[in-house]
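Please keep the sequence and the model in view while reading.

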Amino acid sequence: MQLDSNFFIEELHLGEVLLNSDESSHIAKSFRARAGDSLVLCDGKGSLAEAELLEPNPKACKALVKSIGKKEPQPKIHLAISCLSDNCEEDIAFHAAQFPLAAIHLLRTEKSLEPRESTLSKLCRRMEAKSLAALKQSRKSWLTEIKPPVFLSDFLKSFRGNLIVCDKDGETYAPPFSHLSPHIAILTGPEGGFSPAELEALRNQEAFFLSLGQTRLRAATAPLMALGIVTFSCFAKTA
């Protein structure tokens, strides 16, 4: 039987491997897998492997990796979201990480309401867990990274690529991806949006401003809608 999920392993190699306790428990208890069942293993670094389950031990499953596929290209789209006050970043991470997405960046903006003195380390760990779950559920090969919070000004200094800013006064179409650099960052603001000074800084970075329609969206909804629009346009342009 082929198990209907991917399973994570940090290092892939041909031959026998042991899966960690979380993956092993899922295989043995949730799927009730048996020796001889087929598995797809992923390392989150672009590689998928075909494997056969040898021992369905809920503490440490043993599998035989028979083949490793060609490494897939790393996604070029990044999502940069303003820190929010109700921890809905976790839900954003789970849904967004099902897309071919390189990373989710947390931004500190003028209207962010999170505690500025915090590293948000617990939130980041929970988002990482959601990203890992999305990796396996969506059967991707690349794990979406979760980046710790930085101020918008620092993000603009460090990110190398094109910027797409979600704004009600933006264009109603996605930009021509054939003219964009290998990396693209979609930026969404907090409730109330980016401040005038932040919008001016983004214009100075030659950002593209994209409208998400006539309705007013919550800060937790906008990133997913924007990601869908940009991802569709990206694949449409490169198809």
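Thr-144 sits in the loop that runs between α3 (121–138) and β8 (145–151). The model is a predicted one. Is Thr-144 buried or exposed? Its relative accessibility is 2%, so Thr-144 counts as buried. The side chain of Thr-144 reaches the backbone oxygen of Leu-101 at 2.8 Å. That side chain of Thr-144 also makes a polar contact, at 2.9 Å, with the side chain of Lys-140. Leaving aside residues up to four places away in sequence, Thr-144 touches Ala-97, Phe-99, Leu-101, Ala-102, Ala-103, Ile-104 and Ser-131.

Lys-140, the partner in that side-chain contact, is also placed in the loop between α3 and β8. With a relative accessibility of 11%, under the 20% limit, Lys-140 counts as buried. Which backbone oxygen lies 2.5 Å from a polar atom of the side chain of Lys-140? It is the backbone oxygen of Ala-97. Lys-140 and Ala-97 are 43 residues apart along the chain, and their C-alpha atoms are separated by 9.3 Å. Again not counting residues up to four places away in sequence, Lys-140 touches Asn-6, Cys-42, Leu-48, Ala-97, Gln-98, Phe-99, Pro-100, Leu-101 and Leu-135. Ala-97, Phe-99 and Leu-101 are among the residues that Thr-144 touches and among those that Lys-140 touches.

The loop between α3 and β8 also holds Arg-139. Arg-139 has a positive phi of about 60 degrees, although it is not a glycine. Its relative accessible area is 34%, so Arg-139 is classed as partly exposed. A positive phi in a residue other than glycine is found at Arg-32 too, where the value is near 50 degrees. Arg-32 belongs to the loop between α1 (21–30) and β3 (38–42). Arg-32 is exposed, with a relative accessible area of 68%.

The next topic is the cysteines. How many disulfides does the count come to? The count comes to zero. For Cys-61, the closest cysteine sulfur is in Cys-42, 15 Å away, so the two are too far apart for a bond. Cys-61 counts as buried, at 1% relative accessibility. Cys-88 is in no disulfide either, and the nearest cysteine sulfur, that of Cys-83, is 11 Å away. Cys-88 has a relative accessible area of 13% and is buried. Cys-42, named here as holding the sulfur closest to that of Cys-61, is one of the residues that Lys-140 touches.

Which elements each supply at least two residues of the lining? They are β9 (162–171) and α5 (196–204). The strand β9 gives the most, with four residues. By residue class, the lining divides into nine nonpolar, eight polar and seven charged residues.

Is Gly-192 buried or exposed? Gly-192 is exposed, with a relative accessible area of 61%. The C-alpha atoms of Gly-192 and Arg-218 are separated by 9.2 Å, while the two residues are 26 residues apart along the chain.

The protein as a whole remains. It has six helices and eleven strands. The C-alpha trace spans about 60 × 40 × 30 Å along its principal axes. Of its 239 residues, 46% count as buried; Thr-144, Lys-140, Cys-61 and Cys-88 are among the residues that count as buried. Of the contacts with a separation of 6 or more, 71% are between residues 24 or more positions apart.

Technical notes. Residues numbered from 1 in each chain as written. Predicted model: local features only at pLDDT ≥ 70, side-chain atom pairs only at ≥ 80, totals over all residues. Heavy atoms only, no water. Nonpolar A, V, L, I, M, F, W, Y, C, P; charged D, E, K, R; others polar. Buried < 20%, exposed > 50% of the residue type's maximum accessible area, 1.4 Å probe, protein only. Polar contact = N/O pair within 3.5 Å; in protein donor to acceptor, adjacent residues only side chain to side chain. Contact = heavy atoms within 4.5 Å. Disulfide = S-S within 2.5 Å.
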